[in-house]
Amino acid sequence: MQGIKADAAAESEELARFRQQWLEEVRGKKKTQGSQNVVSPPASVATGSVEASDTPHSPLGHRAAHRRASNVSASPPPVTRQLASSTAAVPFGPTLQRAVEVYKKAVQHEQRSELDDALRLYRTAFRMDPNVDRAFHRIEDELQRKAVPPTSPSQHKVQHQKTGSSESTIDSLVQELQGLELGPGRIPVAHARGEGFVTGTLATLVASWPVDVRFEQEDEQEGVPIQNIPDELLMLVLRLLDHTALERFAKVNRKARVLTLDASIWRPMVKTLYQPPQISSDDELDALAVKYMADYRRVYVEHPRVRYDGLYIAVCHYIRNGVGENAWVNYSHLITYHRYLRFYPDGQVLSLLANEGLAPAQVIPMLKPSLRMKGFMIGTWYLEGTEVHIEDMQEPDGTDSRYSFQMILELRSRPLGRWNRLDIRAYDSVHIGSGEATPLALKNERSFWFSKVRSYA
């Protein structure tokens, strides 16, 4: 921030000196025009002044040359073409270009209200270059200025002045940014084996810990038996645990947390889980590792995924009017029904619509592909971003059925837990012969909430 303030102060002083020089030049020009009765110079003089401005000189002389050329030249279009070609490509280094691209993606995520991804990309961009926001806004202003076409000669002159000033400012900014040293993009964690990296909020905490962390006894009179176990043997045991047991063990102390950050624990879990239909292709897994800077624990925790260790349940209600013998009394019935969704890693999904006669405790053990009952359908699914697409839902024995169903659901994390909610975005009935989709009413439908089932894991 101090460097940005210093640059702003230097730029203000430069503008003040340029304003004073311009006023002196205008006053001298008026005196010359009064004595020579306003004699216009030939076109060759104007061309020479423009060509002379291309030689190395100070930014003040460059702006003054553009201003003299636009005031003296009789035909401004040739000057406009020369300026457009000179500002078409701004010389950026590869590191600065990558930082600007990451910052641009962060802006796009923020516009789509994806604040978690936007915040993560903003942090990554500022780690690559602390002044990336200035470069981004300068480039955006330059592109907007180029996109507005001039409508009059006077506007041509204003465009010349602004383009020349912005070009010199961007050049000086690029030179300053290229001279800056880039900080590390990720923080290595000290542990026994593997190449574990931690990023995000946890990185600041781990970086403040000493390198040699140990298990400490709760009672000074008692020893620490786990301290006698080699770290290599502990790593073999930790690889057999699931993510819940790992995080519980990590809460013991700093040594436990460092051990659970080893990439050899989380990498197999990520490779096993993130396969089609969770991702579009196997090549996307390498892109995820780059996106999260080889922090496989963050990939497992933060990247969208459909959970297999349970099922999603929606509890829906509606009120139905009843009929009674007494005309002065209104009868209303509260009807409750449940929707169940169970996803499989091979792309198969089971859907069941059941009334309140079947409680979830009765449905969970019987919800399998071999189930045959009214309201049960089997379909296919795939994940695209945070949208779950379910297609071709039909009854297992419905060979003569003319319709199938499809759904689009939004995957969310609310309020505790990860990816434990599915919001219905669309529910359509599809004619198998023509492929025509008819939207169905979603008046009484509610969100699906995840319920973990121990026997499914």
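Guide: Start with E6 and strand E7 (residues 387–394), which run antiparallel and are joined by six bridges. Bear in mind that the model is a predicted one.

Visitor: Which residue of E7 is the bridge partner of Leu-383?

Guide: The partner of Leu-383 is Val-388. The two strands form a hairpin with two residues between them, and Gly-385 there takes a positive phi near 70°.

Visitor: In which sense do E5 and E6 pair?

Guide: E5 and E6 (residues 376–384) pair in the antiparallel sense, over five bridges.

Visitor: How many bridges link E4 and E5?

Guide: Seven bridges link strand E4 (residues 331–343) to strand E5 (residues 348–355), again in the antiparallel sense. His-338 has Ala-354 in E5 as its bridge partner. E4 and E5 form a hairpin with four residues between the strands, and Gly-347 in the turn has a positive phi of about 95°.

Visitor: Now the helices. How is a packed pair described?

Guide: Two packed helices are described by the angle between their axes and the distance between the axes. Here, take helix H5 (residues 94–111) and helix H7 (residues 132–147): their axes come within 9 Å and cross at roughly 80°. H5 is therefore roughly perpendicular to H7.

Visitor: Which residues make the contact?

Guide: On the H5 side they are Leu-96, Ala-99, Val-100, Tyr-103, Lys-104 and Val-107; H7 gives Val-132, Asp-133, Ala-135, Phe-136 and His-137. By class, the residues of this contact divide into eight nonpolar, one polar and two charged.

Visitor: How many cavities of 30 Å³ or more does a search of the whole structure find?

Guide: The search finds one. The largest cavity has a volume of about 40 Å³. Its lining has 10 residues, and those nearest the centre are Phe-197, Leu-261, Asp-295, Tyr-296 and Arg-297. Helix H13 (263–273) and helix H15 (296–302) are the elements that give two or more residues to this lining.

Visitor: How do the lining residues of the largest cavity divide by class?

Guide: Six are nonpolar, one is polar and three are charged.

Terms used: Residues numbered from 1 in each chain as written. Predicted model: local features only at pLDDT ≥ 70, side-chain atom pairs only at ≥ 80, totals over all residues. Heavy atoms only, no water. Pairing = 2+ DSSP bridges. 1 Å grid on protein atoms, 1.4 Å probe; cavity = no way out; pocket = protein on both sides within 12 Å on 5 of 7 lines; lining within 4 Å. Points joined across faces, edges and corners; volume = space filled by probe spheres on them. Nonpolar A, V, L, I, M, F, W, Y, C, P; charged D, E, K, R; others polar. Axes fitted to C-alpha atoms, helices over the stretch in contact; angles between N-to-C directions. Parallel < 35°, antiparallel > 145°, perpendicular 65-115°, else oblique. Contact = heavy atoms within 4.5 Å.
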